[in-house]
Amino acid sequence: MSKENVLKVENVTMQFGGVIAVDNLNLEVNQGEIVSLIGPNGAGKTTAFNVITGVYAPTNGAVYYKGSKIIENHPQGKMKKLYRGENPVMYTGHKVLAPTPDKITALGIARTFQNIRLFKSQTVFENILIAKHLRRTSNVFTATFRLNAKEEARMREEAEELLKIVDLTDVRDELATSLPYGKQRHLEIARALATQPELLLLDEPAAGMNPQETLELTEFIGRIRDEFGLTIFMIEHHMDLVMEISDRIYVLDFGKSIAEGNSEEIRSNPRVIEAYLGGAQDE
Amino acid sequence: MKKQTKIIWNVGLIAALLLLLFILEQVVPSSSMLFMVLKKGAIYALVAVSMNLLNGFTGLFSLGQAGFMLLGAYTYAILTIPVESRASVYQYFDGGIVQFAIPVPLALIAGGVVAAVFAFLIGLPVLRLKSDYLAIATLGFAEIIRAVFQWDKLGPLTNGSNLLRNFPTFQSVLYPFIVAGICIGLIVLLINSTYGRAFKAIRDDEIAAEAMGINLAHHKQLAFVISSFFAGVSGGLLAMYQTTIQASMFKSAMTYEILLIVVIGGIGSVTGSCIGSFLFIACSEWWLRFLDNSNLYIGDFHLSFMRPGFRKVVFSVIIMAIVLFYRKGLMGDREFSIEGARRFFQKHFKKKQAVEGGSSHE
């Protein structure tokens, strides 16, 4: 570990019943990097994200954030017999750590979703404002009796600023779901930024975008990384985007990590080509 | 409109409403059905808004409202029956075990607090459930509470299945209006605060809300407890209005009435719940009364289908019609506001203004 790593996933296995969705995954994301996770459909990319963000407790393994362990589990109960993954006893005897997603977000890990999940009945501005709720200092009484007016004003100001950054000020009072697809993606990223993260997880940010929009998004992701001092870990299918901005790439296939490296290394890796094209090297 | 002008308008409107009620009370005989409707309407408006906070704003489908009202009503009654009349009220239980009385406002708040404490305890296991399952669990709770309060062994406290009476009541229609108004005002303040936004986020998308750092368990519990607190207060008011209470009053049918008000008014609209409440009470208790008259004639034709209870048939048909034609309730999830009303009138009188040579659009 030469550089300080922000996120470290260690021997994480996620098994649903008899299906191993993520198989002994190990990866590291360093400070300030943009790291991509790619792989064919059903490779377990989103499941890996869901483990990191606390949606699922992993069946086995641990996750570290900035050096401290935030998630840890080992096969328990029914899983004890069913477990087919690796390192079955490595984490037994340790304390089980399974925080809920809101605790993970509070630590400074924010995410977006593959199928956009905006607050439907709320305006663009309110969507961002809601995410500001996390860093409040007020309690329910001070908030009801407006004793938090200063904080409220600050929240609104910060939300306005984020709107400006994602260039949505002109539609601030529109319903979030009335925006075109590309803008909804931007709004979701802005909403994640409103929780003041240090690590941003993007789940297919360019899904459904045309080449022009993808180009803008590429530029946008690079810009927010620099502006907010973020570390970015993303799942993506658009190879142009991935190859363009990733410092490092992990390739996942059938839950297993099959390759790691920069875009050049990945492009020429025979195992990756095999995973994507299906046994091309046999010819 | 500026914020200040808005506040002035709203304060003026509330003052005008109270003044109107005050004048009505001087002019109209107090036995009129109007006052009955207004009093009960105000109380139901409060409980409907409290239910809306849970069902409409937080997205938790709970049917425990009657149970929490019962807790509030009983707490109020038990704490305010004057010491000297306890012997006659608790005649089968040697005057009961509570031998003191506290002032009315305190007792109303105590009613809310008791309901809130119960909500907290019930909420711990029950709020893990979602949608229909939550509704069934809370409905079950309300039914159990009702049964427990009628239990003979609790007689020294609850007077068993006998009536509680002789506690202080109100005469003026202003009383329930002011208490319910303050409570609804507090709920509106909450809804418009950062917590209210978090509640709406949970309603819209639980997964996204949690990913944005909103602690689901904590916020759901909070909404449940607050909603129950106000249901408890309205239970106390209902006790005052009814002058006597009995656990068997708080049937699940009562919860359905409140749910109906919320749905008719518009899920997610506070003003909708208030309007719905008055319309509902007026329709069910007052405006349709003439349908119960079995001696009604049009000319010489005897309307033989009219008999006591017929108004309920008509009432059900009206409800069905409303639900069919206003699928989102009267107000949807919008709120009544001065500005909204102005815009509404502007839209409808636009033609006239255009003829006069100018519209007042800013």
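**View 1. Chain A as a whole, in a predicted model.** With 283 residues, a compact globule would have a radius of gyration near 19 Å, and chain A, at 20 Å, agrees with that; the radius is taken over C-alpha atoms, and the globule rule is 2.2 Å times the number of residues to the power 0.38. This is a predicted model, in which local features need pLDDT of at least 70 and side-chain atom pairs count only at pLDDT 80 or more, while totals for chains, interfaces and linings use all residues. Residues are numbered from 1 along each chain as its sequence is written, and chains are lettered from A and ligands numbered from 1 in the order in which they are written. The C-alpha atoms of chain A fill a box of roughly 60 × 45 × 35 Å along the principal axes. Chain A has eleven helices and ten strands, where helices (H or I, at least four residues) and strands (E, at least two) are DSSP runs numbered from the N terminus. Of its 283 residues, 43% count as buried, a residue being buried if 20 or more other C-beta atoms lie within 10 Å of its own, exposed if 12 or fewer, and partly exposed in between, with C-beta atoms placed from the backbone.

**View 2. Strand 7 of chain A and the strands beside it.** Five of the five residues of strand 7 (residues 199–203) of chain A are buried, so the strand is largely enclosed by the rest of the structure. L199(A), L201(A) and D203(A) point one way, L200(A) and L202(A) point the other way, and all are buried. Strand 6 (residues 109–111) of chain A pairs with strand 7 in the parallel sense over three bridges, pairing being assigned if DSSP finds at least two bridges between two strands, and I109(A) has L199(A) as its bridge partner. Strand 8 (residues 231–235) of chain A also runs parallel to strand 7, joined by five bridges, with M234(A) standing opposite L202(A).

**View 3. The contact between chain A and chain B.** Chain A gives 27 residues to the contact and chain B gives 22 residues, two residues being in contact if their C-beta atoms, placed from the backbone, lie within 7 Å. On the side of chain A that touches chain B, helix 3 (101–107), helix 4 (124–131) and helix 5 (140–144) of chain A each supply at least two residues.

**View 4. Helix 2 of chain B.** Helix 2 (residues 33–57) of chain B has a kink of about 30 degrees centred on M51(B), the bend at a residue being the angle between axes fitted to the seven residues ending there and the seven starting there. Of the 25 residues of helix 2 of chain B, 21 are buried, so this helix is largely enclosed by the rest of the structure. Just after helix 2, G59(B) takes a positive phi of about 75 degrees.

**View 5. The largest nonpolar core.** This core has 168 residues, and those with the most contacts inside it are L46(B), L70(B), A77(B) and A180(B); a nonpolar core is a set of buried Ala, Val, Leu, Ile, Met, Phe, Trp, Tyr and Cys residues joined through C-beta atoms within 7 Å. The largest share of this core, 14 residues, comes from helix 2 of chain B. Leaving aside neighbours within four places in sequence, the residues in contact with L46(B) include A180(B), C183(B), F230(B) and L237(B).
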